[in-house]
Amino acid sequence: MTARFVRVALPVPMRQLFDYRLPAALTVPPVGARVRVPFGQRQLVGFVCALDVMPEVAEAQLKDVEAVLDAEPLWPESLWQLLQWAAKYYHHPLGDVLSHAAPALVRQGQMPTYTTSTRYELAKAGREVTLSELGRAPQQQRLLAALQRGPMSASGVRELDIPANTIKTLIEKEWITATVLSDKPAPWTCTGARGALTLNEEQAVAVAAMKGPLESHEPQVWLLEGVTGSGKTEVYLQAMEPVLKRGEQVVVLVPEIGLTPQTVERFSERYDVPIVVLHSGLTDSERLQAWLQARDGGAAIIIGTRSAIFTPCKRIGLMILDEEHDSSFKQQDGFRYNARDLAVKRAHQDKFGLVLGSATPSLESLANVKAGRYHLLELKKRAGAAQKAHHAIIDLKQQRLHQGISDQLLTTMAKHLQAGNQVLIFLNRRGYASALLCHECGWVSECHRCQANMTLHQQDNILQCHHCGAQRRIPRQCGHCGSTQIISQGLGTEQLEEAIARQLPGYSILRIDRDSTRRKGSLEEALQAAARGEYQVLIGTQMLAKGHHFPNVTLVALLDVDGALYSSDFRAPERLAQLYLQVAGRAGRAEKPGTVVLQTHHPEHPLIQELVNNGYSHFASSALTEREQALLPPYAAMALIRAEATSRQAAETLLNAMAHVLGEHPQVAIIGPIPAPLGRRAGRYRYQLLLHADQRAPLHQWLLQQLPTLEKLPEGRKARWSLDIDPQDFA
Ligand code: ADP
Ligand code: ZN
Ligand code: ZN
């Protein structure tokens with residue numbers, strides 16, 4: 001018998017596949033199975049991409065496959081096709097794409113098998129407990145409340161951030177029981193929903209529009225544009241009902257891990273079906289179990305962040321991608337995919353309906369609506385009793401400032417606080433101040449390794465660089481002239497907290513940012529405390545802007561967003577508009593009307609006027625027109641080559657060499673090399689080369705043709721480089 005050869009994708013940074021001989025003693029693997037192979041001095045786990053190939057190198061040089069790990073392909077055929085497509089579209093090594101898509105343990109070569117787990121349920125005594133009597137044991141109260149809605153898995157309980165000793169206490173009190181189970185996928189049925197609301201007209205229209213196409217598995221994409229509080233989640237919940245009743249799975253993607261517990265809670269309240277979550281907070285083995293449950297059909301609802309787009313599903317009937325405009329759906333390093341764009345591709349490939357939801361849709365998605373590729377469903381009114389918020393501008397030029405807060409804002413805050421309401425202040429800069437400055441000579445606390453200032457963190461008593469993480473003690477004297485006249489510059493959340501405590505004494509303040517929520521579970525606790533109204537003033541960064549409900553907030557203020565008005569990034573206006581409306585959406589969600597206040601030095605700026613007076617849709621349509629006229633995405637395609645090296649010259653030389661190889665193309669413009677906006681990070685100089693084309697196809701063809709040459713450039717040995725297709729971030 002003649003020898004057989006297999007072509008394998010390996011997790012290495014080379015855009016090529018590798019051939020191996022398959023020893024006769026091994027069973028022949030199917031395409032999509034894993035094999036263990038020698039590679040240099042190492043052993044790697046790879047994925048079989050083709051069988052019985054004609055080897056590309058001389059047979060004598062081929063090494064043997066050491067082991068075949070799977071008898072079946074790891075992924076269903078349609079997902080395998082999607083991964084192949086993604087590797088091509090993003091021009092990324094297939095082996096790395098496949099490794100990225102597989103759970104860590106699978107990637108490392110472990111057998112994907114089920115393990116046992118624990119299931120928690122209420123015992124008889126637990127059912128008789130009155131929750132309100134547990135006021136002093138809030139963790140016990142939360143766990144019991146969750147279990148009253150149905151049994152939960154260990155990972156579901158962990159999702160709620162319940163401490164282990166709370167579980168132990170409740171078991172000892174015999175209020176709950178813990179049963180050890182095998183995790184083999186069990187069949188489930190969905191008989192109906194609990195506590196569905198009566199839809200308003202717009203919601204009913206949206207749910208009805210989805211029904212038919214979902215039933216017939218048309219690969220439709222709906223853009224559900226609904227102002228904050230308009231009841232998008234209720235639309236998702238009701239659109240899923242017939243899907244679940246047919247025994248089909250629903251995948252829900254959310255932008256950040258912090259939103260998964262609240263999503264799990266709302267979905268499990270409504271439907272008594274198995275739910276799994278997939279995000280970076282899980283242990284490797286929990287992640288594998290959730291992946292298997294999805295793949296084999298044991299999970300009815302799969303909730304996850306960006307990478308959950310690669311979860312195999314036995315019978316997927318609907319995918320929901322919430323906050324579709326959010327930039328976290330784009331991976332910013334390594335395999336730089338966009339989960340939203342892959343979701344659209346997957347919907348077509350797997351034949352299911354996809355709902356993209358947002359109060360502030362991306363211009364890309366709105367352009368797709370205009371082009372007839374997506375169907376627009378609108379929710380213009382807030383659901384329930386909530387009213388529209390009032391918007392106002394404070395012109396900082398006329399104001400006396402108290403550490404960055406204007407008199408007028410303080411007066412407004414006091415009014416809302418005295419009425420017993422909550423106030424939310426948004427400032428997207430953590431730490432105390434953005435830099436230290438010498439009052440005598442102008443010296444600034446720069447990072448030694450980045451082209452950036454170090455942030456003052458008063459509480460930790462350090463200077464910290466937010467780009468590379470470097471830390472230094474706070475100098476007492478100027479590093480340049482020795483003066484002791486050192487002042488801080490640029491307001492951060494720590495200082496804001498201090499300033500508000502001084503100006504409005506007697507009100508309790510909660511600050512939510514990356515520093516105040518470092519401990520696992522603390523973000524969740526803080527958000528819940530905020531929602532319960534335990535604090536009167538909430539201060540926060542971006543973390544507070546997304547999807548959280550604070551029913552008693554009546555005033556929202558945004559400080560210091562002026563930087564975005566004059567940014568060189570063409571997406572800055574879109575991002576500011578989204579941020580503004582997302583933050584504004586936190587005001588007046590319940591019966592109380594809300595007020596949104598923006599402090600700015602540029603009240604006359606057209607973007608500010610547009611947002612405050614006309615709202616998002618109006619902004620978006622004029623922004624789209626501008627993009628079209630300027631030939632910018634979504635009316636053009638871009639690819640960004642980034643290079644970085646310890647010497648400025650090495651990075652620039654590599655990109656010059658690349659630009660030279662690329663030469664000229666009638667349909668693709670090459671811009672650069674130019675230094676990146678953050679010209680140096682962690683000791684490395686950074687340069688960029690931008691490829692810009694009216695049409696996507698010629699750009700991609702050209703890259704496909706040129707990449708093999710670009711990869712082999714000798715200048716590439718002295719600099720690291722990467723390719724970003726449809727770049728979102730130019731920093
Ligand atoms: P969104 O996701 O659009 O921000 P939610 O789905 O969270 O909005 O709904 C906001 C609030 O309105 C929630 O408290 C929800 O229970 C309520 N709500 C949604 N739909 C209805 C409805 N049809 N009738 C009454 N209340 C509703
Ligand atoms: Zn000085
Ligand atoms: Zn740094």
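The legends below describe several close-up views of a predicted model.

Residues are numbered from 1 along each chain as its sequence is written, while chains are lettered from A and ligands numbered from 1 in the order in which they are written. Because the model is predicted, local features need a pLDDT of at least 70 and side-chain atom pairs count only at pLDDT 80 or more, whereas totals for chains, interfaces and linings use all residues, and side-chain values use heavy atoms, with hydrogens and water left out.

**View 1. The zinc ion (ligand 3) and its cysteine donors.**
Donors here are N, O and S atoms within 2.8 Å of the metal (3.2 Å for Na, K and Ca), and since water is not among the atoms, sites may look incomplete. Along the chain these donors follow the spacing C-x2-C-x14-C-x2-C. Why is the arrangement around the zinc ion (ligand 3) tetrahedral? It is tetrahedral because the 4 donor atoms subtend angles of 107 to 114 degrees, the criterion for four donors being that all angles lie between 85 and 135 degrees. Of these cysteines, C465 is buried, with a relative accessible area of 1%; buried means under 20% relative accessible area, exposed over 50%, and partly exposed in between, with a 1.4 Å probe and protein chains only.

**View 2. The zinc ion (ligand 2) and its cysteine donors.**
The protein donors of the zinc ion (ligand 2) are the SG atoms of C438, C441, C478 and C481, lying 2.2 to 2.4 Å from the ion, and their spacing along the chain is C-x2-C-x36-C-x2-C. The 4 donor atoms subtend angles of 104 to 113 degrees around the zinc ion (ligand 2), so the arrangement is tetrahedral. For reference, the ideal angle at a metal with four tetrahedral donors is 109.5 degrees. Is C438 buried or exposed? C438 is buried, with a relative accessible area of 2%, whereas C441 counts as partly exposed at 34% relative accessibility.

**View 3. The surroundings of ligand 1.**
Ligand 1 is surrounded by 18 residues, and the closest are T198, Q203, G229, K232 and T233; a residue belongs to this shell if one of its heavy atoms lies within 4 Å of the ligand. By class, the shell has 4 nonpolar, 10 polar and 4 charged residues. Helix α9 (residues 232–245) gives the largest share of the shell, 3 residues, where helices (H or I, at least four residues) and strands (E, at least two) are DSSP runs numbered from the N terminus. A backbone N or O atom of T198 lies 2.8 Å from a nitrogen atom of ligand 1, and polar side-chain atoms of T233 and of R266 each lie 2.9 Å from an oxygen atom of the ligand. Taken alone, ligand 1 exposes 560 Å², and the protein buries 75% of that, with accessible areas coming from the Shrake-Rupley method with a 1.4 Å probe.

**View 4. S617 and its contact with E225.**
S617 lies in helix α19 (residues 616–630) and is partly exposed, with a relative accessible area of 42%. The side chain of S617 makes a polar contact with the side chain of E225 at 3.4 Å; a polar contact is a pair of N or O atoms within 3.5 Å, and within protein one must be able to donate a hydrogen and the other to accept it, while residues adjacent in sequence count only if both atoms are side-chain atoms. The C-alpha atoms of S617 and P361 are separated by 9.0 Å, although these residues are 256 residues apart along the chain.

**View 5. The loop between α19 and β29.**
L631 is placed in the loop between α19 and β29 and has a positive phi of about 50 degrees although it is not a glycine. L631 is partly exposed, with a relative accessible area of 38%. P634 is found in the loop between α19 and β29 (637–645), and a cis peptide bond, with omega about 5 degrees, joins P633 and P634.

**View 6. T600 at strand β28.**
T600 has its place in strand β28 (residues 595–600) and counts as buried at 0% relative accessibility. A polar atom of the side chain of T600 lies 2.8 Å from the backbone nitrogen of H602.

Methods. Tetrahedral: all angles 85-135°; square planar, octahedral: opposite > 155°, others 65-115°. Nonpolar A, V, L, I, M, F, W, Y, C, P; charged D, E, K, R; others polar.
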